[in-house]
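Hello,

Here is the structure I promised to pass on to you. Have a look at it first, and then read on for what turned up.

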Amino acid sequence: MGSPRGVLAVSGYLTGRYAPAASVSTIGHQSPFTRAFQILAQPDPVRLQKLPAPDSGIIELRLERPEVKNAINWDLMRKLRSSIEKIQADATAKVVLVASSVPGAFCAGADLKERRLMSSSEVGEYSRSLRSTFSSFEALPIPTIAIIEGAALGGGLELALSCDLRICGENAELGLPETGLAIIPGAGGTQRLPRIAGRSKAKELIFTGRRCDAAEAVMMGLANYCVPAGEAYQKALDIAREITQKGPLGIRMAKKAIDRGTEVADMSSALAVEGECYEQLLHTQDRLEALAAFAEKRKPVYIGK
């Protein structure tokens, strides 16, 4: 699963490389020299990149913990939250692609080796932090696309569920196996999965912990596309390119109208949300540009104002 050449790295990540990669409890039995060496050698588990022209506006977020198939530990979670904050602050961002640099794995879920060393209160804190992180990602005002090749399990699937779209290679495996560990999905899985795939199907998958393949995921509405293995990135990039050609303010308001409208109890309130979002676009330069371009039979040039 490749990515376009000439990618530009987002600034501000060098210092993050020296942040501790594990909790105090996981390193308590190591010598100071060993701990220092491991901290300095630890690569960033999350890489944020801006694609260059002609793909300006597309941001790629990659998970990079190959030794544990991108299992989510405290360090990866912190870097993910930092990446979300950078995206929120980037006015040029139009679409986010969430991918893995690890062949055959999107994300294996929580780092159970780290979790074994946590107290019950620490596990609770971890779960709350991860739930909050995914909610922050879901709340980004621009479209987000998960690119799933291989396993997306537990917290890995919950990350994908917090995205707007999910593109799967045919080798993808999706599942929430937490009940097999005597717990439940704790980072949004019990709430986002039924909203996407329906209550009955969500209950079946969570009660049994069963994994589904990409074709079944598309059938139940859990994934948008199933493509040949290794081609999910290109499919997602094609969709992102289509999105970036549209009016950026219109895209933001469309996401807001859909997300907020589906949260209210009745159609009347939902239509009111749509109306409020529509009103915000009436006096924009982009709307006038679209009308002018149509009359002049040319491609519109949107500036996001």
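Let me start with a pair of helices. From α7, the residues G189, T190, L193, P194 and A197 meet R199, K201, A202, L205 and I206 of α8. Please keep in mind as you read that this is a predicted model. Helix α7 covers residues 189–197 and helix α8 covers residues 199–208; their axes come within 7 Å and cross at roughly 135 degrees. An angle over 145 degrees would count as roughly antiparallel, and 65 to 115 as roughly perpendicular, so α7 and α8 are oblique to each other. As for handedness, α7 passes α8 in a right-handed crossing.

Next, the cysteines. With a cut-off of 2.5 Å between cysteine sulfur atoms, the count of disulfides comes to 0. C212, for one, is in no disulfide, and the nearest cysteine sulfur, which belongs to C168, lies 7.9 Å away. Is C212 buried or exposed? Its relative accessibility is 2%, so C212 counts as buried, given that buried means under 20%. C107 counts as buried too, because its relative accessibility is 0%.

Finally, the chain as a whole. Its secondary structure comes to 13 helices and 11 strands. The chain has 305 residues, of which 41% count as buried. It exposes about 15800 Å², with carbon and sulfur atoms supplying 58% of that area. Of the contacts between residues at least 6 apart in sequence, 69% join residues at least 24 apart.

Notes:
Residues are numbered from 1 along each chain as its sequence is written. This is a predicted model: local features need pLDDT of at least 70, side-chain atom pairs count only at pLDDT 80 or more; totals for chains, interfaces and linings use all residues. Side-chain values use heavy atoms; hydrogens and water are left out. Helices (H or I, at least four residues) and strands (E, at least two) are DSSP runs, numbered from the N terminus. Buried means under 20% relative accessible area, exposed over 50%, partly exposed in between (1.4 Å probe, protein chains only). Contact means heavy atoms within 4.5 Å. Accessible areas come from the Shrake-Rupley method with a 1.4 Å probe; for residues, only the protein chains shown count as cover. Axes are lines fitted to C-alpha atoms, for helices over the stretch in contact, and angles run from 0 to 180 degrees between N-to-C directions. Angles under 35 degrees count as roughly parallel, over 145 as roughly antiparallel, 65 to 115 as roughly perpendicular and the rest as oblique. A crossing is left-handed if the near helix is turned anticlockwise from the far one by less than a right angle, and right-handed if clockwise.
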